[in-house]
Amino acid sequence: MSSVARSVEESPSEPQTRGNPVKHRVEELDSVVVRFAGDSGDGMQLAGTQFTNASAIFGNDISTLPDFPAEIRAPAGTLAGVSGFQINFSSHDIYTPGDLVNTLVAMNPAALKTNLKDLEKGGLLIVNSDAFTFNDLRKADYATNPLEDGSLSGYRVIPVPINTLNREALKDIRLSPREVDRCKNFFALGLVYWLYDRPLEPTLRWIREKFAKNPAILEANTRALKAGFHFGETTELFQVQYRVPPASIKPGTYRKITGNEATALGLVTASVLCNKTLVYCSYPITPASDILHALAELKRYGVRTFQAEDEIAAVGAAIGASFGGALGVTGSSGPGLCLKSEAIGLAVMVELPLLVIDVQRGGPSTGLPTKTEQADLLQALFGRNGESPVAVVAPCSPADCFDMTIEAVRIALRFMTPVILLSDGYLGNGAEPWLIPDINALPRIEITHPTKPNHDGQFMPYLRDARLVREWALPGTPGLEHRIGGLEKEDVTGNVSYDPLNHEKMVRIRAQKVANIANEIPPLSVNGPEEGDLLVIGWGGTFGSITTAVNRARRKGLKVASAHLRYLNPMPKNTGEVLKRYKRILVPELNCGQLLLLLRGRYLVDAIGLNKIQGKPFLVSEIESEIHRLAGT
Amino acid sequence: MPVLRSGTQEANGENMATVASTPLPTLTPKDLSSDQDVRWCPGCGDYSILAQMKKALAGLGIPREKFVFISGIGCSSRFPYYMNTYGFHTIHGRAPTFATGLKIARPDLSVWVITGDGDGLSIGGNHLIHAIRRNVDIKIILFNNEIYGLTKGQYSPTSRIGTRTKSSPQGSVENPLRPISIAIGAEATFVARTLDVDVNHLTDTLRRAAFHKGAAFVEIYQNCKIFNDAVFEYATDKSIKADNTLYLEHGKPLVFGKDRNKGIRLRGLDPEVVTLGNGFAVDDLLIHDEKAEEPSLAYLLSRMVYPRFPECFGVFRAVERPTYESLINKQVEDVIRSKGPGKLEELFASDDVWVVR
């Protein structure tokens, strides 16, 4: 990330002056990447989230990347227990959490060791010097103290005795030493707030609300935050204070949102738009559980949440709710999707609406539960027995989870089909500003249920409309009693049938019905020239990295465009035509080439893959350098 | 001698009032027959269960469209296709999950789960116990024939030790599950056992299950003519069954036998068969109490297995507890009552917002 100083001025720091503020130079930057790293018990996710909120409310564009271990509390101070939170905040549009870190806050040696490689050369390194004891150094496999052995000479190191300063600030509050030390993340946060001239008020307000029932903790966190801020002001360790002015983004009312929050809000909104009760059925799994947590809080909106005994029960209950006329949704992650396969196949057969949310994580098997990956695409499309077509969609950013969730619901209800929404850990946990939509401008999802027999006084459950969609007759409706099930259905009547030709007919009808969805989705649009040397095409959470890389390459004169598939099955009707307008096709994916396989197989294009399977999103530079390599520049 | 006794209320009828207020549709068993050919083997016990089910349901006063039959996979699970009600033939072992979701969405429906010993206790054991412990208002009818029939005869989780099948040619070595014990262990609010051939008892039992508000678990001993014929002969053969079976009646002593001269008393924590008149009077016998607060008696009865004991039929347990869906819906209603229905505008703005001009 570039952090070019645009203007330089002299000014004393502003708010709540105490002690003797030192005069600091103030530099204006247009984009900054900060990472908080510490032990998983150090509250780094909280510090990062607060910093994000403050920056968003201040008016910057933001993008975040939380990175934490699967273990809730790995042994303190070890490399395995390091938890990090990265935020990119900017005065212009940004799409990614940033490649290189400008300022790293390392709360202990283990955090330093695991995160230093991402800090830019000459970057600012704030370390909690109190944590660099013999024991902590040993736990992080340091033979010598990096603060003393010269190994950090390429960085601007600011050692701050955070434990000591925090204890000093909180010394007359009646709390245990352990409780006092737990406030040190707020001290560090306060310090970084000063460094980047962030407003304290959003966090102070959060502390007041969160700890309203515990005045001592409330006071301690408040004081720790302010003490950190004042330390920045009064210490001579920093020569410069930075400012990142608000971004000029589309007018409107904004809030910060993570992908999982947006998915939950999308579900509730969809249930209002289609006038149906949302029944969300889920079994706890990382990183999808936050959707369940969010919805469990939304009973005011009529939401029913069902924490099932297992993944299969969750999808079964969702289908059962759907059979009854509700909006049945199940959410999980990759291993859970495996377990739901058979039931999704049943939903294909009985042609009931069902939304399955897969917040993908590193696999196979238990894999990397807290890390991101895009390796469930082929599972979503093909991971069931028999010819079992389902619709598959994927949001491209945290805020897009809102829109694509509503889209997924619309498709499921309009086409009486299961839809799989492929989110991922990066989208689910990452945050960005969300332009709050005008509810009245969102299109309704019109659904009707039959009340009368549809065929000579009889009800035929598998009679179809022109789009090949059958009617959704609800139990309780007199005269429409019928049976559905997983055995092959006779066309029209829905009776069990083992007739060979009927089976082939039904297989083809089910496939064509899903293919017909392409008539009701937007065409694939292109960012950049309509034709040219190179198209970089992706899907899901790689949108930000791809778009940023392509925009940069274009600024350097390359004829390169990007496109992003939010509909994976069926794909937009013009996909093949778009692909053919470019000499070369590059497909970056966080897997071994799954979309690549689909594009090559479906459109006979000689696309090439750029694949990363490290549990981390693409850096912009990784895609950019591949673009340059292909362009021969 | 401990006497496990409780309520004075009649066992039946506590839920009759809710049904009586709706106008009675005049359903006959025929109205409940679908147009599909029934494809069970000749002589299968399922035919009787189907017939008695229609008879039981026809008399409930519930309109046909309110019934939903949900099944898993297996011979018994073809059941929904033969009922002219709403039906859903789902996947192996998972019927209780579909029923739970349906009941959450639609508490107004009368939802019946049809399952077997393989479907309900092997592949679907997990769902069975969780549907029961949650007390979802569904009726779970488990056809127990102690065999896998549809897959052509393998031993099942309820097969007795030594059962010779294609997959256990030397005899099954597995300890069988007792469905009633499982249901009681999961704290079922209604547990009963009946037989395919005892048509009146079967009809009455299904009817009582229908009236129960909450998860009702009914085990039906069902003969598989092809792969496990006569496995319940001790309980069905007219010449011997009276000595091998005990029909439970709420508030009545546990008496059985052709001459009604045998009974069950409690010795320590164990049941014991005693002969009346032989130093034992009726007053020494256990009194059945299906409404006992603790399920211990019901569990003890579920452990009585032929040939050491007569096997019990009838209602083991019938207690009241709020249903799962009523509790879920109450939470929603309570929060809406206290805070008002949610508005999307407020929800969207529930985090810190900022305005860009």
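1. Chain A contains 20 helices and 24 strands, where helices (H or I, at least four residues) and strands (E, at least two) are DSSP runs numbered from the N terminus. The radius of gyration of chain A, 27 Å, is close to the 26 Å that the globule rule gives for 633 residues, so chain A is as compact as a globular protein of that length; the radius is taken over C-alpha atoms, and the rule is 2.2 Å times the number of residues to the power 0.38.

2. This is a predicted model, in which local features need pLDDT of at least 70 and side-chain atom pairs count only at pLDDT 80 or more, while totals for chains, interfaces and linings use all residues. Residues are numbered from 1 along each chain as its sequence is written, chains are lettered from A in the order in which they are written, and side-chain values use heavy atoms, with hydrogens and water left out.

3. Along the principal axes, the C-alpha atoms of chain A fill a box of roughly 90 × 60 × 45 Å. Of the 633 residues in chain A, 64% are buried (under 20% relative accessible area, with a 1.4 Å probe and protein chains only).

4. In chain B, helix α3 (residues 95-105) packs against helix α11 (residues 324-339) at an angle of about 40 degrees, with the axes 9 Å apart. That makes α3(B) oblique to α11(B), a class that takes the angles left over once those under 35 degrees, over 145 and from 65 to 115 are assigned elsewhere.

5. The contact (heavy atoms within 4.5 Å) involves T100(B), K103(B) and I104(B) of α3(B), together with Y324(B), E325(B), I328(B) and N329(B) of α11(B).

Methods: Axes are lines fitted to C-alpha atoms, for helices over the stretch in contact, and angles run from 0 to 180 degrees between N-to-C directions. Buried means under 20% relative accessible area, exposed over 50%, partly exposed in between (1.4 Å probe, protein chains only).
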